[in-house]
Amino acid sequence: MDLNVSPQDLPNLYPLAGRKVRFETLQLHGGTPFKDPTTNAKGIPIYQAAAFTFDSVSQLRERFDVVTGGKSNLYTRIGNPTVEAFERRVAVLEGGVAAVAVSSGQAAQFIALTTLARAGDNIVASSLLYGGTIHQFSVLLERYGVSVKFAKGNDPVSMESLIDDKTKAIYCETISNPRFNVPDIPAIAEIAHRYAIPLVVDNTFGTSLISHNSQWIGGHGTTIGGVIVDSGRFDWSKSTRFPTFNTVFENNDSRHGIDALVGHTFYEVLGEKSLTTMIRLDILRDLGACLAPQSAWLLLQGLETLSLRVERHLSNALALARYLESHPKVAWVSYPGLPSHEDHEVAKRLLKGFGCVLSFGVKGGRGDIVVDNLKLHSHLANLGDVHSLIIHPASVTHGQLTEEERLAAGVPQDMLRVSVGTEHIVVLVSKSFLAGAIPTLYRTLSFRVHHAKRYPGVSTSFATILAHPDLAIHVRNIDIRITPLLMNKAHPDFIQECTRTLELCNNLRSFVYSSNSVAIPAILPMLHGKESLKNLRINANLSSTQASMLLKLSRVEKLELDGASWEVLGILPRWMEGIQQTLTSLTIFMSMDLNSQVLEMALKQLPRLQGLHIMCPNINHTEILRLITYTPLLKSLAFTVTETTQPFDNSSPPLTLTHLRHLALDVRSCFTASPSTPTTLLSVLSNLKAAFVSLTSITLRIRELTTEVGHALTLKLVEDHATTLRRLTFVASGVEMRSISAICQECSSLEVLSMPLPLKEAVAFSNALSSSLTLHTLVDGDGHIAHGTRPALNLKNVGLLMQRVPTLTRIIDDKRLWTVRRG
């Protein structure tokens with residue numbers, strides 16, 4: 001920044017030169033003039049210029065002469081006075097000999113590493129890294145032939161074992177993101193020194209007061225930037241791994257244009273500034289990822305208050321970490337300042353402070369739910385702001401990684417990362433921090449297969465409620481899909497947890513127990529007296545005594561019975577009579593004992609029923625269509641169409657189902673492939689249409705949909721419901737491409753199509769879909785059976801579908817949701 005300044009003026013511009021001063025003073029004055037040498041302005045000006053004029057050719061040579069110091073008023077891509085002022089300030093604060101500022105932290109690490117490594121080389125790195133870094137290493141560097149070997153965490157021994165003749169750098173983070181492990185940098189540095197390899201450290205999370213990234217430097221979330229600082233302590237002449245620095249130049253290399261290089265090596269001429277000079281003249285000049293003058297000026301403003309802000313960040317972070325560690329809803333806290341942290345002793349030895357960011361896990365495992373319900377904290381992927389920020393790393397910063405890579409980086413699903421702001425600590429450390437999230441977090445208690453596999457080695461959500469009974473007030477739903485066993489019997493500890501939890505949950509609205517019925521005798525009495533219980537689904541293979549307990553559940557609105565025994569069916573009509581005023585939906589699934597007489601007696605009690613779903617082998621479609629005359633208010637209907645020689649009995653009273661909107665038919669074992677249209681199925685559809693039905697949702701499970709039978713059926717659906725159908729689902733069923741075309745062309749209101757996506761024919765499929773003017777969601781349903789082995793959804797075929805179907809905005813499979821914004 002010393003533009004045309006004579007040597008005698010330098011002491012006036014740099015009054016602190018040669019004096020040993022503290023960080024707080026350096027952040028205001030370090031490395032830059034006391035005033036602007038051109039205008040005497042106290043503040044550093046913004047030199048908003050792309051290029052600078054030269055008075056003469058000799059002046060041009062002088063400014064480009066990096067050997068004698070050079071000038072920054074050259075061309076802003078490689079040097080700018082405002083940017084240079086920022087570089088000098090950071091270099092002084094870091095104790096480095098020189099710095100190069102670039103457009104972002106990601107650019108900084110890429111530029112630094114590609115200066116050191118070329119195709120065929122490798123880098124040894126910690127596996128505990130920021131997700132974007134892991135992706136850059138695994139994808140971008142690999143694309144350019146530079147491989148990255150990931151060690152086991154920050155283990156120096158593991159890192160050393162990966163070093164070979166092609167290793168050009170060892171890479172780690174001062175404090176890892178987002179688990180905040182602290183590597184033993186002196187131990188790693190000793191290994192790097194022994195092998196004559198540079199140690200590159202990402203200092204984003206910094207020690208107490210310094211950072212290589214822009215977040216804490218700026219402090220207000222306004223500016224992106226990165227800085228590469230060279231300590232100047234690496235002796236390039238003693239390493240045989242870097243011929244670029246040690247090869248004698250036989251002529252004036254056009255890459256550098258430095259006359260002094262002829263007959264010498266790069267390191268002999270540039271010395272301790274060899275690396276930063278190489279970065280500026282080689283990579284930055286060609287890559288162009290420079291820091292803008294405006295950004296440099298904003299970061300300089302932030303630097304001047306850095307120590308003041310970080311003091312508050314640090315004290316708030318430690319207080320919040322201690323608060324969360326004692327919080328009953330928090331499973332764990334990761335912050336180096338806590339004695340419980342695995343690297344606490346290393347952090348005390350190496351760091352001046354423990355960092356301004358922490359992570360924690362929520363009990364129940366759903367960190368994303370907490371984020372959605374917080375009020376004070378901003379939900380965004382940034383750090384170092386004076387405002388408190390929060391992010392769910394598994395969804396955002398590490399969302400592009402596989403589950404294996406994510407867990408290796410220390411990022412489980414329950415993790416939340418908090419960048420602690422400078423708000424008053426009373427606001428941060430209070431019940432309000434999680435108060436908004438707790439009702440949602442504990443609204444549903446579930447127990448699935450993955451829980452059962454680890455039980456009792458893992459604490460359940462039921463155990464959490466028992467340990468903190470005050471949380472029971474928030475529980476609305478309990479969903480148990482499996483019962484853990486001990487000696488082929490229901491685990492007694494689990495049964496005790498469930499029953500005691502049920503006793504506490506007086507606001508329970510929904511209870512699902514679809515596991516085997518071994519625990520029902522203990523659980524059912526706990527449901528009695530639950531005034532709020534509206535939805536009930538149980539495995540109903542019960543004894544007579546157990547079945548009689550169901551009669552006391554008198555306020556149920558939605559009832560689902562799986563595998564109901566004869567004893568349960570025997571009390572069904574009486575039970576239905578008792579709950580006819582409240583019951584709106586009845587589902588009976590796979591009951592071998594259900595017959596039409598029992599079902600008829602039950603349905604006679606339920607004239608207000610709105611949903612009926614009967615999937616039982618002994619109840620065929622003719623009986624269902626006869627019996628639903630008792631339930632004229634049905635909105636949703638599901639049943640099995642069975643093979644029969646008797647179409648619908650036209651002598652029966654005519655149906656009147658003017659409210660029916662949702663239909664599901666299971667016709668998997670109805671017919672064999674046939675060139676003719678089966679009269680049974682079409683008769684069912686015709687009679688429903690005659691009942692004044694205008695369906696908005698249809699679900700079909702038909703094995704034969706890839707035959708002429710299937711096409712005839714889809715044409716019938718289109719003919720009858722083209723103007724009202726909004727959602728169409730084919731379960732485990734293949735669909736002909738001409739059928740898909742007919743559906744998309746004729747169904748003028750179709751919004752959602754769910755089916756096994758024929759990705760082997762992605763182009764033809766996208767063409768068929770493109771005729772729809774309303775389709776916005778595509779669901780890859782359970783149907784690998786129908787199409788055999790096929791490609792999975794990936795960025796390529798999703799992109800093809802999104803591009804060719806102009807109305808499509810969402811594609812969903814069992815693992816992820818793909819979205820695109822239109823307009």
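Q136 touches Q106, Q109, F110 and L141, leaving aside residues up to four places away in sequence. Contact here means heavy atoms within 4.5 Å. Q136 lies in helix α6, residues 131-143. Helices are DSSP runs (H or I, at least four residues), as strands are (E, at least two), and they are numbered from the N terminus. Is Q136 buried or exposed? Q136 is buried, with a relative accessible area of 8%. Buried means under 20% relative accessible area, exposed means over 50%, and partly exposed lies in between (1.4 Å probe, protein chains only).

A word on the model. It is predicted: local features need pLDDT of at least 70, side-chain atom pairs count only at pLDDT 80 or more, and totals for chains, interfaces and linings use all residues. Residues are numbered from 1 along each chain as its sequence is written, and side-chain values use heavy atoms, with hydrogens and water left out.

Now turn to the aromatic rings. Rings of Phe, Tyr and Trp (its six-membered ring) pair if their centres lie within 6.5 Å; planes under 30 degrees apart count as stacked, over 60 as edge-to-face and the rest as tilted. By this rule there are twelve aromatic pairs. Take W236 and F245. Their ring centres are 4.3 Å apart and their planes are at 25 degrees, so this pair is stacked. W236 is buried, at 2% relative accessible area. F245 is also buried, at 2%.

F447 and Y455 make an edge-to-face pair, with 6.1 Å between centres and 85 degrees between planes. F447 is buried at 2% relative accessibility. Y455 is buried at 10%.

Which residues form one aromatic cluster? They are F234, W236, F242, F245 and F266.

Finally, look at two helices. Helix α32 (residues 762-769) and helix α34 (residues 795-804) pack at an angle of about 30 degrees, with axes 9 Å apart. Axes are lines fitted to C-alpha atoms, for helices over the stretch in contact, and angles run from 0 to 180 degrees between N-to-C directions. The angle makes α32 roughly parallel to α34. Angles under 35 degrees count as roughly parallel, over 145 as roughly antiparallel, 65 to 115 as roughly perpendicular and the rest as oblique.

Which residues meet? A762, V763, F765, S766, N767 and L769 in α32 meet L800, L801 and R804 in α34. By class, this contact has six nonpolar, two polar and one charged residues. Ala, Val, Leu, Ile, Met, Phe, Trp, Tyr, Cys and Pro count as nonpolar, Asp, Glu, Lys and Arg as charged, and the others, Gly among them, as polar.
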